[in-house]
Amino acid sequence: MDLEQAILEAAKTHESFYLYDEAAIVSQCERLKAAFPDLTLLYSVKANPNPQILKTIFAQGIGADAASAGEVMLAQKLGLPETKIYYSAPGKTARDLAKAFGCAHLIADSLDEISRIEKIAAERNTHISIGLRINPDFSFTGETGLPSKFGVDEDAAFRFLRSFESRHVSVAGLHVHLKSQVLDAAALVRCHRKILALAERFEQETGIELSYVNLGSGIGVPYAPEDSPLDLEALGRETCAAIRAFRRKHPKVRFYLESGRFLVGPCGVYAAVVCDRKVSHGKTFVILRSTLGGFFRPSLARLLEAVAPDGGPMACEPLYTGKNAFTITAPGKTGTKREVVTLVGSLCTAADVIAEDIELPRLSVGDVVAVSNAGAYAAALSPMQFSSQDPPAQLVLDRFGKLVET
Ligand SMILES: *Cc1c(COP(=O)(O)O)cnc(C)c1O
């Protein structure tokens, strides 16, 4: 069956659900691999940790970018070896590090964290090679550094590493991630070139031979209909050319690229059935099963736009992407009579509004409404415990056209 048939089928047994399209995820993986033959790819698990999705992506040879010890364990449980899991996050505790030690490649986010790792390695009487996330002396768009809770400022890192000696820890990897959801390929290429120049400085300033450079993410996807897609092929061409030039001098350095949303964001929909409808003071309300609690971002976007009409700087990724980021459709209802409605959810808060005064086919109780761009930062980022409603089901339309519960 196709995606629309699958939504209608799933709506017979589920009042609200996510539906992920496995063939679409595989095709995104293939596009990314084809565009970046010189890099190793990592999937940012926090975008969507659904085990079925992880299996699909890992089966494509893509590793894991884990943002917590829990994500490390998840990737390990699904069969990834230590060498394919990279654990990078601010504020890792000694307990997080002890849990992930030996299961993932650790990327320290502070100098203090390096001492915590060293202590664990000493206790275990072993040696560990780690990476370090750097907050560089440039920003995504500018030539000076900015304060950040992520990573260690470039200068401070170099100063520390010049005199760092340990029997238990060596720092041999560099990680930089500055921005998400970029649609301008040229801007990303410039950022990648700046990271390569940083890698050169790293080696010169510290005397350390890098074993890898992780370029982070940044690869965006079009959300609003008016967004133009990123030119992935041009980005891949330019970045790979810069990497090949770098490797002429440093042949052993491996390169990594992370992506969450590109691999899954466009490959999922959120769907909820119509529970009720009413007209109040001339306005038609269509009430859907639990929307704010099932898929938070559309109602959050409306709230944020009400506070900051230009959409920012109130909020940022991955909570808010931009105006019109979600397209709403009524599967199975094409060609029927249309009407202007306000779509709300069944939670007891006035904030549970996903679209105001939009034109849709006339909906009745039992019909289903689908919201696009629900593959990334959707189920993982919604307050599902609110109001004790059943959480949405999570389903996959597998590559053979079969609907699978996860
Ligand atoms: C969240 C995150 C990503 C993934 O970002 P996307 O925009 O989903 O590709 C990659 N790297 C780091 C360090 C992150 O925190």
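Predicted model: local features only at pLDDT ≥ 70, side-chain atom pairs only at ≥ 80, totals over all residues.
Where is the place of Asn-373 in this structure? Asn-373 sits in the loop between β16 (368-371) and β17 (393-397), and here, as in the rest of this talk, helices (H or I, at least four residues) and strands (E, at least two) are DSSP runs, numbered from the N terminus.

Residues are numbered from 1 along each chain as its sequence is written, and side-chain values use heavy atoms, with hydrogens and water left out.

Most residues other than glycine have a negative phi, and most peptide bonds are trans. Asn-373 counts as buried because its relative accessible area is 9%, where buried means under 20% relative accessible area, exposed over 50%, and partly exposed in between (1.4 Å probe, protein chains only).

Ser-290 also has a positive phi, near 25°, and its place is in the loop between β12 (283-288) and α11; with 3% relative accessibility, Ser-290 is buried. As for the peptide bonds, a cis bond with omega of about -5° joins Glu-317 and Pro-318, and Pro-318 is found in the loop between α11 (296-307) and β13 (328-329).

Now to the ligand, which is surrounded by 13 residues, the closest being Lys-46, Ser-217, Glu-258, Arg-261 and Tyr-377; a residue counts as near if one of its heavy atoms lies within 4 Å of the molecule. By class, this shell holds one nonpolar, seven polar and five charged residues, where Ala, Val, Leu, Ile, Met, Phe, Trp, Tyr, Cys and Pro count as nonpolar, Asp, Glu, Lys and Arg as charged, and the others, Gly among them, as polar.

Which atoms of the protein approach the ligand? An N or O atom in the side chain of Glu-258 is 2.6 Å from a nitrogen atom of the ligand, and a polar side-chain atom of Asp-65 lies 3.5 Å from a ligand nitrogen atom. On the backbone side, a polar atom of Gly-260 is 2.8 Å from an oxygen atom of the ligand. The protein covers 91% of the 390 Å² of accessible area that the ligand has on its own, with areas taken from the Shrake-Rupley method with a 1.4 Å probe.

Gly-260 itself lies in the loop between β10 (254-259) and α10 (261-264), and at 3% relative accessibility it is buried. The C-alpha atoms of Gly-260 and Thr-239, which are 21 residues apart along the chain, are separated by 19 Å.

Thr-239 belongs to helix α9 (residues 232-249) and is buried, with a relative accessible area of 2%. Its side chain is joined to that of His-192 by a polar contact of 2.8 Å, that is, a pair of N or O atoms within 3.5 Å, of which, within protein, one must be able to donate a hydrogen and the other to accept it, and residues adjacent in sequence count only if both atoms are side-chain atoms.

Finally, Val-341 lies in strand β14 (residues 338-345) and is buried at 1% relative accessibility, and its C-alpha atom is 6.6 Å from that of Val-286, 55 residues apart along the chain.
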